[in-house]
Each structure stands twice: as structure tokens, then as C-alpha cells.
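Subject: Structure handover

Hello,

Here is the structure for you to take over. My notes on two parts of the chain follow below it.

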Amino acid sequence: MEEVQRHSVHTLIFRSLKRTHDMFVSNQGNLPEIDEKLEARRKSIKARDSYKLVFDRVAKAEQAKKLSNGSNAGAIQAPEPLLAITDGSANSRDSQLALMDSGNKPADAPVSNSLVSAGMRSAGGASNVQLIPKKAPTIPKPSWHAPWKLSRVISGHLGWVRCIAVEPGNEWFATGAGDRVIKIWDLASGKLKLSLTGHVSTVRGLAVSAKHPYLFSCGEDRQVKCWDLEYNKVIRHYHGHLSAVYSLALHPTIDVLVTSGRDSTARVWDMRTKANIHTLTGHTNTVASVVAQASNPQIITGSHDSTIRLWDLAAGKSVCTLTNHKKSVRSVVLHPTLYMFASASPDNIKQWRCPEGNFVQNISGHNAIVNCMAVNPDGVLVSGGDNGTMFFWDWRTGYNFQRFQAPVQPGSMDSEAGIFAMSFDQSGSRLITAEADKTIKIYKEDDEATEESHPVNWRPEILKRRKF
């Protein structure tokens with residue numbers, strides 16, 4: 001029975017094939033004649049278009065080989081024409097005549113669709129030129145950085161410490177806190193030098209001018225103040241913000257102050273006349289961080305609306321809006337030497353390249369609300385979280401070489417473990433953090449650490465480079 005079924009199936013298949021053949025055999029005479037010369041010419045032009053770079057590289061390699069062998073003793077001769085390897089038919093040979101004239105080869109000279117080279121005319125037709133395949137892209141190995149350790153804990157504030165500013169001379173630094181007081185500390189000894197009172201609510205931002213003896217502060221009382229450090233008094237107020245002011249930045253080259261806050265705007269002030277030059281509008285939520293630099297974009301803001309905006313300072317308008325983040329951006333930091341900046345959000349830390357704001361890479365792993373970041377000239381990026389975690393990263397590769405939980409001051413609650421602000425000193429060798437346990441902590445590199453004692457645990461086979 002099975003044999004009968006198999007025979008009937010074969011019979012049906014044979015009849016179907018024969019019927020198909022009979023159906024189309026009558027149309028063979030209607031097919032256009034194929035010009036084999038034109039077909040070969042078309043294939044050769046297509047090959048030249050696809051493998052031009054390969055042909056040129058092989059020709060250059062052959063020419064360099066001839067020169068190194070001393071065959072061109074006096075002058076450099078023109079390279080030999082490329083020889084196409086064909087099937088040897090007459091039509092194929094005719095189609096390659098244009099290649100044989102080395103004096104006046106046309107720009108679109110036809111070649112065969114096979115790979116060709118001047119060095120392939122060896123005995124027996126064997127090839128003596130080997131094409132090197134491209135290497136797969138690799139993840140660069142991170143630079144080694146010494147681990148950081150806690151050096152000093154400074155107490156004195158009666159509220160959460162919210163902001164830090166290091167003086168350009170690297171002799172002292174200032175902190176602002178929820179106790180409404182600005183305190184100035186000696187950087188070397190950690191001793192209190194001065195307390196400035198004047199704000200009626202939490203001090204949220206500080207900046208020290210490099211050109212004037214001025215300290216600028218802003219707070220949740222909507223006030224922006226300019227302190228004269230020769231008299232330790234407020235000499236200017238900048239009125240205009242409609243709600244709490246969260247961040248401020250000084251322009252490095254012109255006398256301009258930029259502030260941002262809960263009214264979803266950033267404001268540009270003339271430092272001397274107190275005039276509000278620009279009101280930078282466009283964000284739809286609190287502008288938590290603002291930075292300024294001498295080159296474009298001169299102002300960069302990060303907001304709780306999950307966007308980063310790059311601003312044209314002269315026009316007072318937004319040049320670019322970066323929407324890659326999925327959650328609120330609470331910190332933006334400029335690299336001190338590279339033309340780049342980084343932004344922090346609970347989803348990722350992202351790096352960008354100026355001036356267009358081109359995305360560079362994600363730095364993933366700090367799974368917390370990242371309140372602050374700092375970066376030093378050695379390429380150490382530090383991020384501080386709302387839960388007291390600190391992550392140390394290699395800027396170039398995004399490798400996390402150290403992480404730890406900031407030690408909480410004895411007597412404080414576990415919930416008071418957040419890191420609100422951090423800043424490197426001017427040398428980049430000390431890191432100062434402002435924390436929710438009302439202390440200021442100073443970290444420095446471990447001098448005894450070496451690459452042998454603290455090796456780079458670099459495992460590229462398990463790293464995932466995700467780009468969003």
C-alpha cells in the first residue's frame with residue numbers, strides 16, 4: 001500500500017513539472033536577447049562601485065612594495081592597471097579592455113565582479129595579497145585610580161548641609177545649610193573661620209567669585225545675595241525669582257550670575273547693576289541645577305521635567321533640549337579639562353559632548369536618586385545618592401572602581417544618610433561632601449594603594465554597553 005502511494009506521489013510531481021515546462025517553453029522565443037558584453041560591463045561597474053576601496057588599498061600596497069624593493073630607482077612610476085580576474089571568455093576579455101590602458105583610464109572604468117589586485121598575477125593564479133578584516137569594536141580598558149577614604153568629619157551646622165563652594169585660592173570653603181547659616185571653614189585644618197547670617201530659610205546654593213572678593217548665595221527664601229568678604233556684609237540683592245532658588249553659577253569670564261529654581265526658570269543677572277538680563281524659560285518643572293562655562297553652550301540647565309537645555313547666552317534662548325533622561329535631572333557637572341559634561345538622574349548618569357550636546361555614553365549602576373556629582377582633572381567622577389551611597393567612576397570608560405555607604409554621624413537617624421552636595425578642591429585631591437546628618441566630610445585618595453593591592457576588576461565580557 002505504501003509503495004502504491006509513493007508511486008502515485010512521484011507520478012503527480014512528475015506531471016506537475018512537465019505541465020509547468022510545457023506552459024513556459026513556448027515563451028522562450030519571446031525573451032529578449034542578452035548582450036553578453038553589456039552584461040559583463042554592468043557587473044564590472046557594480047563591482048568597482050562596491051570594492052573601490054579594496055582596489056585602491058591593494059594598488060597602494062603593491063606600489064609601496066615595489067618602491068621598497070628598489071624597482072623604482074629614479075622616479076616613482078605610475079601604478080600598474082588593475083587586472084580583473086574573469087572566466088576567460090572572449091566577451092569577458094573584451095569587457096576589460098578599458099582597464100589595460102594605464103595612461104588614460106576613465107573614472108568609471110569597468111572591472112570584474114571578482115576581487116582584483118595588481119598583485120594577484122602570480123604563478124598558478126594564487127593570490128599574494130591578503131586583505132585584513134576589520135576588528136570588532138572593543139571596550140577600552142579603564143585607567144587605574146587610587147581608592148578614596150574618609151579623612152575628616154566636620155560638625156557645626158544645625159541642619160542639613162545643602163551646598164558647598166571652594167574658594168579659588170584653595171585655602172577655605174563655604175557651606176550652606178538648613179539652619180539658614182553660611183559657614184566658612186579652613187580647608188587644611190577643618191576649623192570654623194566665619195559664620196554669615198542673613199537668609200531666612202535654607203541656603204541652597206553658593207559660589208565664590210574668582211575675580212572679586214564676593215560670595216554669592218541663594219536659598220529657599222527666594223533671595224539671591226552678594227556678600228562682600230572684606231566686610232562680611234550683604235552688598236547686593238537680586239530680586240525676581242517667584243519661588244525657592246535651588247542653584248546658581250558664576251560665568252568664568254564675564255560679570256554675570258545665573259540662578260535657577262522652583263519657578264521653572266533660570267535667570268541671568270548683571271553682577272554689578274543687579275539687572276535681570278534674561279529670564280530663560282522653557283522648562284516645565286523645577287530647574288535643579290545650572291552650570292556656566294566660557295565657551296558655547298555657556299549655560300546648561302537640568303530640570304525635574306527630565307530634560308537638559310543648552311542656552312544661547314546672547315539671545316537668551318534655548319539652543320537644544322536633551323530628552324534622553326526618563327526621570328528628573330538633579331545634577332549637571334562640567335568636566336574641568338574636556339569639552340564635555342555629565343548629567344545625573346535616577347535612571348542613569350549620562351555623558352554629553354559640547355557644543356551640540358551629543359550623547360556619549362551611559363554610566364549605569366547608581367540605583368538611587370542622584371543628588372550631586374563632582375569630577376576632577378584626573379577623570380574621577382563621583383556621584384552621591386539620596387540614600388548615602390557614593391559611587392566613584394572612571395570618566396572615560398564609565399567603570400565603577402569604588403562604591404561605599406557614607407558613614408552616618410552617631411545619633412542621627414538612618415533616614416538622614418543623604419548626600420546633597422559635593423565638590424573637589426581646586427587641586428582635585430580632596431573631595432568635600434555635604435550630608436543630611438548635618439556634617440561635612442572630607443575624603444582623599446589612599447596614598448598606600450597600588451595597582452597590585454587594588455587591581456582593576458575589568459571584565460568586558462559581562463559589560464553591556466546600552467545606548468538610549
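One turn to start with: in the hairpin of strand 23 and strand 24, which has three residues between the strands, Gly-388 takes a positive phi near 85°. Strands here are DSSP runs of E with at least two residues, numbered from the N terminus, and two strands pair if DSSP finds at least two bridges between them.

This is a predicted model, in which local features need pLDDT of at least 70, side-chain atom pairs count only at pLDDT 80 or more, and totals for chains, interfaces and linings use all residues. Residues are numbered from 1 along each chain as its sequence is written, and side-chain values use heavy atoms, with hydrogens and water left out.

Strand 23 (residues 380–385) runs antiparallel to strand 24 and is joined to it by five bridges; Gly-384 has Met-390 as its bridge partner. Strand 24 also pairs with strand 25 (residues 400–405), again antiparallel and over five bridges, and there Trp-393 is partnered with Asn-400.

Six of the six residues of strand 24 (residues 389–394) are buried, so the strand is largely enclosed by the rest of the structure. Buried means under 20% relative accessible area (1.4 Å probe, protein chains only).

The other part is His-335, in the loop between strand 18 (331–334) and strand 19 (340–344). His-335 is buried, at 8% relative accessible area. Its contacts (heavy atoms within 4.5 Å) include Phe-341, Val-375 and Trp-395, not counting residues up to four places away in sequence.

Regards

Terms used. Buried means under 20% relative accessible area, exposed over 50%, partly exposed in between (1.4 Å probe, protein chains only). Helices (H or I, at least four residues) and strands (E, at least two) are DSSP runs, numbered from the N terminus.
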